Amino acid sequence: MAVPAPPNGRRSRPGTWTATIRCRDGDHTLELTDREVVAERLLKTSRKHSFDPDTDVDWDAPQDPDRFYAPPQLASLYETPLWDGLSHRRRVELTKHEMCSIASFGIWSELLLMQALVQHSYRRRYDSDHVAYALTEIADECRHSKMFGRMVRTCGLRTHRPRAIDYQLGKLFMAAYDPLPTFAGTLVIEEFTDAFQRLTFPDEDVQPMVRQVTRIHVIEEARHIKYAREELKRLVAEAHPARRRMAAFGLAQATRAMATRLIHPSCYEAVGLDPKVASRVAARSPHRRATMAWAFRRCTDLFEEVGFLDGPARKVWVKAGLLAA
């Protein structure tokens, strides 16, 4: 079926068109692809490359007490005096707790994303491939949340609930569903975790069970990232510049807060450190700030392209150490 180009765009090839957005540093041209074209491709890939964590992860694999649970360079205290003062096994223990803390945050984020995808589907044509893929992604995220929860339990730990204010803000955000910040926020979480996990699953010094979990998540999450990227570009092309900048500023503030919530204070207590001191050391660590900026690089590259770093939002990202000045 032929898909007409929107009024503010022009056709480039079948199923695609270009649109121009106005930014303070000049006009940006986006190439957009029709929702049905993208969804059809993603559905085909989903049929070929999906996993069942209950059978595709060896949950009974022995956990070596001397083997890390994530590459040590991803630890929040790496290359700090506190890290230097830890024994090897305490360093391993810290990576276990931090990996499980990030997994807990990931479950909460995926619960919010699943609610958003239901709301998104509710507003679209139910027999479309676009909605079919949204429902497929919900099914993926259900499996991922169960997988992360089982991984945490297998490590002998418990998941952490978000802080009370974050929990309530999450409910408010879903009640006032707005697709523009929702899909941008989805990319913030997904691109960050994807960066960490792409270093984790090939690393032979990491626990086998964790490598299997992260491999599954990376493969399936690549589709989710594509879906969110294409939808964000379409939404930006339709949005007024003032609305785009307002959404971008709010997202920048939320991302700054998120970066401080990833590591639960109990991670530091578990290895005998003062949580307040360790949190301050991690926040001031040049290595940690560089690592966080690196993990967000694909996300911020896209945000540059779509005008989400246009205006005061950029200053928030830079001040938080999540974007190079």
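1. Let's start with a pair of helices: the axes of helix α1 (residues 35-48) and helix α5 (residues 129-154) come within 8 Å of each other and cross at roughly 40 degrees. Axes here are lines fitted to C-alpha atoms, for helices over the stretch in contact, with angles running from 0 to 180 degrees between N-to-C directions. Helices (H or I, at least four residues) are DSSP runs numbered from the N terminus.

2. A word on the source: this is a predicted model, in which local features need pLDDT of at least 70 and side-chain atom pairs count only at pLDDT 80 or more, while totals for chains, interfaces and linings use all residues. Residues are numbered from 1 along each chain as its sequence is written, and side-chain values use heavy atoms, with hydrogens and water left out.

3. Which residues of α1 and α5 make the contact? From α1 come R35, E36, A39, E40, L42, L43 and S46, and from α5 D129, H130, A132, Y133 and T136. Contact means heavy atoms within 4.5 Å. By class, five of these residues are nonpolar, three polar and four charged.

4. Now compare a second pair, helix α4 (residues 88-122) and helix α6 (residues 164-175), whose axes come within 10 Å and cross at roughly 10 degrees. That angle makes α4 roughly parallel to α6. In this contact, W108, L112, Q115, A116 and Q119 of α4 meet D166, Y167, G170 and M174 of α6. Five nonpolar, three polar and one charged residues make up the contact.

5. Is D166 buried or exposed? This residue of helix α6 is buried, with a relative accessible area of 13%; buried means under 20%, exposed over 50% and partly exposed in between (1.4 Å probe, protein chains only). Leaving out residues up to four places away in sequence, D166 touches W108 and R261.

6. Finally, look at the largest nonpolar core, which has 94 residues. Such a core is a set of buried Ala, Val, Leu, Ile, Met, Phe, Trp, Tyr and Cys residues joined through side-chain atoms within 4.5 Å. M151, L232, F303, F308 and W317 have the most contacts inside the core, and α4 gives the most to it, with 14 residues.

Terms used: Helix = DSSP H or I, 4+ residues; strand = E, 2+ residues; numbered from the N terminus. Parallel < 35°, antiparallel > 145°, perpendicular 65-115°, else oblique. Nonpolar A, V, L, I, M, F, W, Y, C, P; charged D, E, K, R; others polar.
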